[in-house]
Amino acid sequence: MQQDHKRERRAQRWLETRSIDYVPAEERRGKAWQQAPFWFAGNFVLTTMMVGFAGPLLGLGVGWSILAIALGVGLGTMLMACHANQGPRLGLPQMIQSRAQFGRRGAILPFMAAFFVYIGFNVFDVILATDAIAVVFEAPRPASYAVLIAAAGIVSIVGHDLLHVVQRWLTCLLILIFSALSIALCVRLAAGGGVAMGVFAWPAWLAQMSAAAGYQLSYSVYVSDYSRYLPEETPAARLIAWTWLGAAGSALWLMSLGAVLAGELGQPDAIQGLRQLGEALAPGVGALAVLIAAPALVGIMAVNFYGAMLTGLSALDAMRPVPRGLIFRVSGITVSAVVVWLSALGLSEDYLASFNVFVSLMLYLLVPWSAVNLVDFYWVRRGRYAIRDICLADGVYGQWSRPGLLSYLGGLLAMLPFVVLGAYAGPAARALGGVDLSWVVGLLVSGCAYWVLSRQEAAQAAWER
């Protein structure tokens, strides 16, 4: 009997039973350092490498591209990592916390933006994973998409603990293989005189920096989904530092590798570039390097499906309370999987241009939300929330919150003149020579507006009392 109870407890730990509900203290476990391998593997995917193509494709020198990448990664990851502290303090998934800033139903607006990011990433991820597998053996694309999506879906259904284990083991494997590739590349570049700084142009440099920052910032909608099981007393500085180290380390590595492949080797193709590097090291290593990229993409696809499920359930729960059972998690992931499969089938083969537009849209949609969320957590409420009321239909945060919604929409409107999206450039961007500074404007306008409006609302409530 005792053995049966032990097996049942182990099964319950692996098969996550919670979804958007609060994680009580007795179920908290884990260490802050575990966020580093999770985010290292989560960011060590071919889509990350593609971000590094932006500068060289715009004519920017490789050295300047890497400098822009370093600055963009550092800033974007810092904002992203600051969200990690919300997990152990609140014990809730990342996006449902937005109800405190936007209201129960008002939060559906950022939920929609986050869901778009999850689905969009998985569309590009499954296409790249299929392309990587095709280097070794060819299979019908619809079937390949279905198998990869199903594998990611199963991992996300099992849930939080399996996701952490998968990402931890992938980190070890990826570091081993890509260290060898990177050393081979460094030797090759050294023999050719090293990496030159090359041509500099402000629009291209800022475009590369914004792409790197926006890509990193897009992970903000994920972060506390994977830190909410940590004990509440987990040190904030340590947690933020480990999250930053993992996410920034892999991003800087892969984006810089992408810049070198596009600029120095003239190979703005993640799969063929890796294959070329590996084959120069030893026969067969190129195919192995590309093939290993596929499980890494499946890993982050599972993370995306998990986040899409939590966000989708949060949106439905805003309209009518939904049960917190396994069947709803499976249903949410299944719907997301079907949407990804159909979208991947409909995307054109020239998906690099679509990917660049997607990264820009992510930046525009998520910057105002991140500013509002962080200002509320660190400066307005200082981490003090009525957790029970976030989950209640008639909680103290109401259905619609004026400060959050106005600040988010105000940030979006303020960004429009500075936007550079494909062939379109806003009037301010054109006046600046095509430089896209919209994300800086969005951060400042949304953050400052929320600070002012929330203080005014608090003062008015105190006066009315």
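Student: What volume does the largest pocket have?

Tutor: Happy to start there. Rolling a probe the size of a water molecule over the atoms shows where empty space is left. In this predicted model, the largest pocket has a volume of about 570 Å³.

Student: Which residues are closest to its centre?

Tutor: The lining has 24 residues, and A54, L58, A207, N356 and S360 are the closest to the centre of the pocket.

Student: And which elements give two or more residues to the lining of the largest pocket?

Tutor: Look at α4 (54–57), α11 (202–217), α16 (351–380) and β1 (420–421). Of the lining, the largest share comes from α16, with 9 residues.

Student: How do the lining residues divide into nonpolar, polar and charged?

Tutor: The lining of the largest pocket has 18 nonpolar residues, 5 polar and 1 charged.

Student: Why are α14 and α15 called roughly perpendicular?

Tutor: Angles of 65 to 115 degrees count as roughly perpendicular, and the angle here is about 115°, so α14 and α15 get that description. As for handedness, the crossing of α14 past α15 is right-handed.

Student: Which residues make the contact?

Tutor: From α14 come F305, Y306, A308, M309 and L313, while α15 supplies F328, R329, I333, S336, A337 and V340. By class, this contact between α14 and α15 has 9 nonpolar residues, 1 polar and 1 charged.

Notes: Residues numbered from 1 in each chain as written. Predicted model: local features only at pLDDT ≥ 70, side-chain atom pairs only at ≥ 80, totals over all residues. Heavy atoms only, no water. 1 Å grid on protein atoms, 1.4 Å probe; cavity = no way out; pocket = protein on both sides within 12 Å on 5 of 7 lines; lining within 4 Å. Points joined across faces, edges and corners; volume = space filled by probe spheres on them. Helix = DSSP H or I, 4+ residues; strand = E, 2+ residues; numbered from the N terminus. Nonpolar A, V, L, I, M, F, W, Y, C, P; charged D, E, K, R; others polar. Axes fitted to C-alpha atoms, helices over the stretch in contact; angles between N-to-C directions. Parallel < 35°, antiparallel > 145°, perpendicular 65-115°, else oblique. Left-handed = near helix turned anticlockwise from the far one by under 90°. Contact = heavy atoms within 4.5 Å.
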